[in-house]
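Got the model loaded and your selection tool ready? Let's take a walk through it, one stop at a time.

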Amino acid sequence: MSAITVTSLDERIRRSIGADGGASTTQEYFVNMGPQHPSTHGVLRLVLKLDGENVREVIPVLGYIHRGVEKMGEHLSYRQFVHLTDRLDYLSALANNWAVAKAVEKAANIETNERIETIRTIVAELQRIASHQLWWGVFGMDLGAFTPFLYGFRDREKISDILEETIGARLTMNYIQPGGVMFDIHPDFQRKVKEFLTYFRPKLEEYETLLTQNVIVQERMRGVGVLTAEKAVSMGATGPVLRASGVAHDLRRSEPYGVYAKAAFDVPVGRNGDCWDRYWVRIEEIRQSMRIIEQLIDNIPEGKHLVVKPAVRTKVPEGIHYSQVETARGIFGVMLVSDGKDVPYRIHVRTPNFNNLWTVTETAPGWRVADLVTIISSLDIVVPDIDR
Amino acid sequence: MGLITEKLPGIIEPVPGGSVLLSSMDAVINWARSNSLWPLTFGTSCCAIEVMMASGAARHDLARFGAEVTRPSPRQADLLVIAGTIVRKMAPRLKLLYEQMAEPRYVIATGSCAISGGPFIYNNYSTVRGADEIIPVDVYVPGCPPRPEGFFYGILQLQRLIREGESIRRPGERRKPVLAALPAGITLDQIQAELRELLESKAQVKLGASATAGRG
């Protein structure tokens, strides 16, 4: 990255007139977008190389919210590490918890029961809907429409209430732990979830009428920021970003965990990999998540909600253990390097947003700054998840 | 103080009517400031969802407290809500943002991370142990993250601070920071009932009452 050259006023005027007396010449320049910027969803900094308003190059600069989670994990027991994963991708806290729980259970051979897995699946899907609702609202706001933000949050609060009743927290859940879930479900849980589903189905149609069918929104999304399937795969993009490019890879389908194998659902796949496809895939995923919940909510089997004693510090056998889940943004993986103790030797977290963000370096060049905002917003990034 | 009080003659005590007028003016200015806080859109992590977004959305509605006009530029904002962890790389930027804001400016530190480092305090090499190591903080709102009601409680505490704050009689008086924790054992219904009651009483402007508060 070269420094900005400072030129004298005379020189600049001469250039703008042109040495040949008329033909204008332009100069590329750098602009910082962030770390404090309303459209970067946190403290992401993008260095933009611009030619006028056209983006020539995007260089993400990270580390403004690097909290050293992986290093902290080396001092915490596996149960204690779960609460830190809440704070990585805070919009899919439950799926992140699940990844740790799954890795430890697989490594330490802890058998969970059907009830635990069903509860986990339902709450994770509920949070996927909540996450997509928030994304939808913020996406509308980034495009300049404030109403979606209000609509999205109106419905998200319903899910927050349901989860709060059972879990006790609205955002950082710390609910799914190795060997089960922290609390059994609230007696009203099933009734309220069903109420929510009947409430939300017409609201989703309202979303479509408000934003999806809006011609300005469509014009701003169609064909903007095309990510080809080859590029998406080679850059390691996952989740809706990958599926929008036409690759039908969903961990819930390809290597089912929880009780996803029992539920019938479709994996929505886009064709072109533009912002429109990424939008459509997420809206469609809300529908599929509702389908999954609908099939499972009446069939929660009886059983214990926790199969290990809460205070036990689980020991994990020596070796490297890896486990991954599909969050609302893509594949979230946890790698544990254990030396046989109750504390990991090294813990590594593979977060979806890191790879998803990097696709912007491919898709944004050639578009204008306003389109860059659309592209970033369509990637649905959460910055603490990138920086860890 | 502001333009009006500086231009007005008779800040000196002797004139019996003058001092009363000026301290009343103070109370009016402070009352106006406390009810039109413009927050900066600044959220680093999880707290931003609860404090900046859910609070501003339809159900909780920060606009009831006159603080919904979030500004992306620090030069137009007078309230800095530190929503999330501050790490060492971000610390100089936070200080810069604070310095760019015009006086009078107020700071609310929300969540454990902004208060003390929170969950990221032990065995950690990158986080700043509380935002008050970098910039002065007026109100601390505990929680991880605080729920929107908790944040509103913090906003109310800040409004109280501003109303009782600097005046002609006490120029440049440093505001003492307060911890705005919701009382233990309070239920959500109680909070909402209290907020409703407070908003109804706030709907009427009581100049007499606030003037006395400002003088005291």
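What follows is a tour of two chains, stop by stop.

**Before you click**

This is a predicted model, so keep its rules in mind: local features need pLDDT of at least 70, side-chain atom pairs count only at pLDDT 80 or more, and totals for chains, interfaces and linings use all residues. Residues are numbered from 1 along each chain as its sequence is written, while chains are lettered from A and ligands numbered from 1 in the order in which they are written.

**Stop 1: the two parts of chain A**

Where they touch, domain 1 of chain A puts in 13 residues and domain 2 of chain A 18; two residues are in contact if their C-beta atoms, placed from the backbone, lie within 7 Å. On the domain 1 side of that contact there are five nonpolar, five polar and three charged residues. Here Ala, Val, Leu, Ile, Met, Phe, Trp, Tyr, Cys and Pro count as nonpolar, Asp, Glu, Lys and Arg as charged, and the others, Gly among them, as polar.

**Stop 2: the sheet β1-β2-β3**

Stay in chain A and show the cartoon. Helices (H or I, at least four residues) and strands (E, at least two) are DSSP runs, numbered from the N terminus. In what order do the three strands of the open sheet sit? They go β1-β2-β3 in chain A, with antiparallel pairing; strands pair if DSSP finds at least two bridges between them. Since β1 and β3 of chain A each have a single partner strand, they stand at the edges, so one side of each has no neighbour in the sheet. On average, neighbouring strands of this sheet are turned by 25 degrees against each other, direction ignored.

Now pick out β1 (29-33) and β2 (45-51) of chain A, joined by five bridges. Tyr29(A) faces Leu50(A) in β2(A), and Asn32(A) has Val47(A) as its bridge partner. Moving on to β3 (54-61) of chain A, you'll see seven bridges linking it to β2(A), with Leu46(A) partnered by Pro60(A). Zoom in on the turn: β2(A) and β3(A) make a hairpin with two residues between them, and Gly52(A) there has a positive phi of about 65 degrees.

**Stop 3: a second sheet and its helix**

Jump to β6, β7 and β8 of chain A, which form an open antiparallel sheet in the order β6-β7-β8. The edges are β6 (319-326) and β8 (346-350) of chain A; each has a single partner strand, so one side of each is left without a neighbour in the sheet. From one strand to the next, the twist averages 15 degrees. β6(A) and β7(A) (331-338) share eight bridges, and Tyr322(A) is partnered by Met335(A) in β7(A).

Is α4(A) mostly covered or uncovered? Mostly covered, with 14 of its 16 residues buried; buried is 20 or more other C-beta atoms within 10 Å of a residue's own, exposed 12 or fewer, partly exposed in between, with C-beta atoms placed from the backbone. Just past α4(A), Asn109(A) has a positive phi of about 55 degrees.

**Stop 4: across to chain B**

Show both chains: 31 residues of chain B are in contact with 27 of chain A. On the chain B side, α3 (47-56) and α4 (91-100) are the elements giving two or more residues, and α3(B) gives the most, five. That side splits into 17 nonpolar, nine polar and five charged residues.

Chain B itself has eight helices and four strands, and 41% of its 216 residues are buried.

**Last stop: Gly143(B)**

Select Gly143(B), in the loop between β3 (139-141) and α6 (148-163) of chain B. Gly143(B) counts as buried because 22 C-beta neighbours lie inside 10 Å. Beyond its neighbours within four places in sequence, Gly143(B) is in contact with Gly111(B) and Gly150(B).

Key:
Axes are lines fitted to C-alpha atoms, for helices over the stretch in contact, and angles run from 0 to 180 degrees between N-to-C directions.
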